[in-house]
2 protein chains.
Amino acid sequence: MGIVKADMAVSLDGYSAGLDQTLEHPFGPLAGERLHTWMFEYGDAHKAEVDAIVGAGAYIMGRNMFSPGRGQWDLEWKGWWGDNPPYHGPVYILTHHARDPIPMEGGTTFHFVTDGIESALEQARAAAGDQDVAIAGGASTVQQYLAAGLLDEMHLHIAPIILGGGERLLENVGDPKLEPVEATGSPAATHLIYRVVR
Amino acid sequence: MGIVKADMAVSLDGYSAGLDQTLEHPFGPLAGERLHTWMFEYGDAHKAEVDAIVGAGAYIMGRNMFSPGRGQWDLEWKGWWGDNPPYHGPVYILTHHARDPIPMEGGTTFHFVTDGIESALEQARAAAGDQDVAIAGGASTVQQYLAAGLLDEMHLHIAPIILGGGERLLENVGDPKLEPVEATGSPAATHLIYRVVR
């Protein structure tokens, strides 16, 4: 069976998104670009990490990562990623508002889960089979899985920037026992892998 | 000429001290031990890092790192480190209250600087000669040197723990340009070195 992992880009001061998130700037103006420079501008040098992020058998994400809207769904909205999202597999979206699944090009299907994080994980595990389940974000979703003891590995991609404000990744998670597994440096980001001991 | 560097132990969520600091627990109960387990329990495995921390030609620290007292000096107080502190060189302590230098065993002398961080750095540089100047802490002192553009390198020793509260290291420092220099993993801590580009 695969593991349950979360891959998150964070600033050196621990923010996974900046202030002032908007439709045009889902991570806040400037912060998104700066948090993901390693991926978008230096992707070749970080191929292993990028491949791993979209190499899971199924994905789980919070509604706010899927959509800028709140409340009832705007049925026109099908995510930030265009017709052919990079997931190429089932993506389970945590929401309070039911919605029919959305099949996209390239094998991605967006499913909407209204009965909580454990149910989403159960469905994702069943769909992933022997492959990993990836908690794709955002911060609040990763926090919930970590706090509930449902995460096996946390992969942090630390951009060498100090944002000074925004959404912190590692708060409201209690005091999980963590074991450093790997630390890899590069000029654009430092990749740290932690195992969550249960 | 040597560089100006700061070595700090931080939790994975960015705290360099926990809550509830007291005389018995200068980093807060439990937090100090957990932040420094890599150094005290696994010192042999981290000899290079530990040697580097006390290998500078001169040191600068904030008053709160030297003493739990505030206001006028208790002249009986000569630091947390006993008769033979680990610095074996001049240590410049930032304070608003003048005090005569205190020569200790083993070559450590505590000097008290009342005219600001630049003056302390000037004195430390002169004393260090070709060797490095180390900003020994605490968080607020490191922040002031980083924000003022006076730091060349920041060495972070990330303990694999989440404290959930305390004194944050990387706040009030503006937006310095940082370059990752080195990332070294171990089971007890991850050591990251950043160069501050000026």
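This is a predicted model: local features need pLDDT of at least 70, side-chain atom pairs count only at pLDDT 80 or more; totals for chains, interfaces and linings use all residues.
**View 1. The surroundings of Tyr59(B) in the nonpolar core.** The largest nonpolar core comprises 112 residues. Within this core, the residues with the most contacts are Tyr59 and Ile60 of chain A together with Tyr59 and Ile60 of chain B. In soluble globular proteins, nonpolar side chains tend to be buried together. Leaving aside residues up to four places away in sequence, Tyr59(B) touches Tyr87(B), Gly89(B), Val91(B), Tyr92(B), Ala134(B) and Ala136(B).

**View 2. The open sheet of chain B and its edges.** Nine strands form an open sheet with mixed pairing, in the order 5-6-4-3-7-1-8-11-10. Strand 5 (102–103) and strand 10 (177–184) of chain B stand at the edges; each has a single partner strand, so one side of each is left without a neighbour in the sheet. Strands of a sheet pair through backbone hydrogen bonds, either parallel or antiparallel. Strand 5 of chain B is joined to strand 6 (residues 109–113) of chain B in the antiparallel sense, over 2 bridges. In this pair, Ile102(B) stands opposite Phe110(B) of strand 6.

**View 3. Helix 1 of chain B against the sheet.** Helix 1 (residues 31–40) of chain B packs on the sheet, where it touches strand 1 (4–11) and strand 8 (153–159) of chain B. The direction of helix 1 makes about 105° with that of strand 8 of chain B.

**View 4. The side of chain B that touches chain A.** Contacts between the chains involve 24 residues of chain B and 24 residues of chain A. Strand 10 and strand 11 (190–197) of chain B each supply at least two residues of this side of chain B. The largest share, 6 residues, comes from strand 10 of chain B. By class, the side of chain B that touches chain A has 13 nonpolar, 6 polar and 5 charged residues.

**View 5. The rotation axis relating chain B to chain A.** Ala183(B) comes closest to the rotation axis among the residues of chain B, at 3.1 Å (C-alpha). Of the interface residues of chain B, 100% are also interface residues in chain A, so the copies meet through the same surface.

Conventions. Residues are numbered from 1 along each chain as its sequence is written. Chains are lettered from A and ligands numbered from 1 in the order in which they are written. Two strands pair if DSSP finds at least two bridges between them. Helices (H or I, at least four residues) and strands (E, at least two) are DSSP runs, numbered from the N terminus. Two residues are in contact if their C-beta atoms, placed from the backbone, lie within 7 Å. Axes are lines fitted to C-alpha atoms, for helices over the stretch in contact, and angles run from 0 to 180 degrees between N-to-C directions. A nonpolar core is a set of buried Ala, Val, Leu, Ile, Met, Phe, Trp, Tyr and Cys residues joined through C-beta atoms within 7 Å. A residue is buried if 20 or more other C-beta atoms lie within 10 Å of its own, exposed if 12 or fewer, and partly exposed in between; C-beta atoms are placed from the backbone. Ala, Val, Leu, Ile, Met, Phe, Trp, Tyr, Cys and Pro count as nonpolar, Asp, Glu, Lys and Arg as charged, and the others, Gly among them, as polar. Copies are superposed by least squares on the C-alpha atoms of residues with pLDDT of at least 70 in both.
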